[in-house]
Amino acid sequence: MNHIENMLKRRKSGFSLESDFYHDQAIFDLEMKAIFENDWVFGGNDCEIPKPGDYITATIGRNSIIIVRDQQEQIHAYLNSCRHRGSLICTHKKGNANQLVCPYHQWTYGLDGTLKHAGEMGSDFDPTQYSLKSVSLKILHGLIYVCISKTPPDFENFKTQVGPYIKPHQPFRTKVAHEDNIIEDANWKLVIENNRECYHCAGSHPELTYSLTAFAMPDDPRGDSFFNELMPKKIKDWEKLGLPHKPVPGGEKFRCIRLPFINDALSMTVDGSLACRKLLGDFTEADLGSVRMFHVPGNWNHFGSDYILHASVTPLSPDQTLLTTKWLVHEDAVEGWDYDVEHLTRVWKATNQQDAILAHNNHLGTKSVGYEPGPYAQSEFMLTDFTNWYAKMMENYLVNVKNNEDL
Ligand code: FES
Ligand SMILES: [Fe+2]
């Protein structure tokens, strides 16, 4: 612990982290407890479980969890660990079940988590003591966030500030048109650091930069004359439509802003044309740019007029990170008529592959004996936010562990 505490103490804000933060197994193990099992983590969209009995599983820190819709349409989250001897209960990424049956000795749970059947347990066995363990869950216009901690941090501030931005896109009236999972050979924080800046975009993302502006703020000091003329014009349009656009004061924990596309693009596609002819929600106007929303530790999203992109990172080891990307379109959109999966997914599939190479190179380079934390550029201010938040989470956790040891 001393080694980690010392590294946190000598860390300089505005600089990348010391090498061990990206490679050390003990730090990785601590992060799972201090961060992933201690904060709200994106679990999916409620459109993925539209019918009673539908469930999805997700990995949060060291845990598999089940997110399920019960017969009364209530959505619950449980730890995916049988109360008998701990087996995984749901072994698939998604499915539908009237009851949750453990595949090992068939202990059977209702969708409300109560234990309904356990064979050969004797007359003094009390099934009410063996319900599935619940995980806190919040839904924000369809976006499901879960928290494993028994004392979850505040969610209301995020909900209040971000809700008005994403509600018009009606994520709760969508369907997943495509899901992609790639394993990046890089530490999860390097995957996030890479995502939190567009300093690298011009040199690496020809598909993405057709539509996406590299400028992250409406008054970005790097803004060129084109951007500086475009921004006020778009703000006028959005305000006429009642769409919020200003950056929200999310501090280091979350970010939400509406920004315009460039090149007259209507959507994040290779040529800027719509990815889906049926627009989201009740939109009749396609030229809306996108709402960019990020929530620590690893969930970023784009809400366009025609599709929503959810991305989330799941750390697998210090050296490997699962990136899950989902493309969502209007629930009534018809594949082959309203949208083509290849056209819909091409930009972000290409971008993710390009980013995976960048993050991997970054990962390898930070192993060098010559590596030392380097200064973030001005346009990398979101990396400063992220690493400051990360360090605080780790420090607070270590203080709590110490205080509890003192008891
Ligand atoms: S571990 Fe689940 S029934 Fe035995
Ligand atoms: Fe990138």
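**Sheets and core**

Analyst: Happy to! This is a predicted model. Let's begin with β9 and β10 (residues 143-147), which pair in the antiparallel sense over 5 bridges.

User: What makes β9 and β10 a pair?

Analyst: Pairing calls for at least two bridges between the strands, and β9 and β10 have 5, so they count as paired.

User: Why are β1 and β9 called edge strands?

Analyst: The open sheet has the order β1-β10-β9 with antiparallel pairing. β1 (41-45) and β9 (136-140) each pair on one side only. From one strand to the next, the twist averages 30°.

User: And what makes β4 and β5 edges in the other sheet?

Analyst: That open sheet has 4 strands, ordered β4-β3-β2-β5, and is antiparallel too. β4 (75-79) and β5 (94-96) have a single partner strand each, so one side of each lacks a neighbour in the sheet.

User: How do you know that β3 pairs with β4?

Analyst: The cut-off is at least two bridges, and 5 bridges join β3 (residues 63-69) to β4, so the pair qualifies. Within it, V68 stands opposite H76 in β4.

User: Which residues touch the most other members of the largest nonpolar core?

Analyst: Of its 90 residues, those are I65, I66, I67, V146 and Y307. Leaving out residues up to four places away in sequence, I67 touches several residues, including G43, I56, I75 and I144. In contact here means C-beta atoms within 7 Å.

Key:
Residues numbered from 1 in each chain as written. Chains lettered and ligands numbered in written order. Predicted model: local features only at pLDDT ≥ 70, side-chain atom pairs only at ≥ 80, totals over all residues. Helix = DSSP H or I, 4+ residues; strand = E, 2+ residues; numbered from the N terminus. Axes fitted to C-alpha atoms, helices over the stretch in contact; angles between N-to-C directions. Core = buried A, V, L, I, M, F, W, Y, C linked by C-beta atoms within 7 Å. Buried ≥ 20, exposed ≤ 12 C-beta atoms within 10 Å, placed from the backbone. Contact = placed C-beta atoms within 7 Å.
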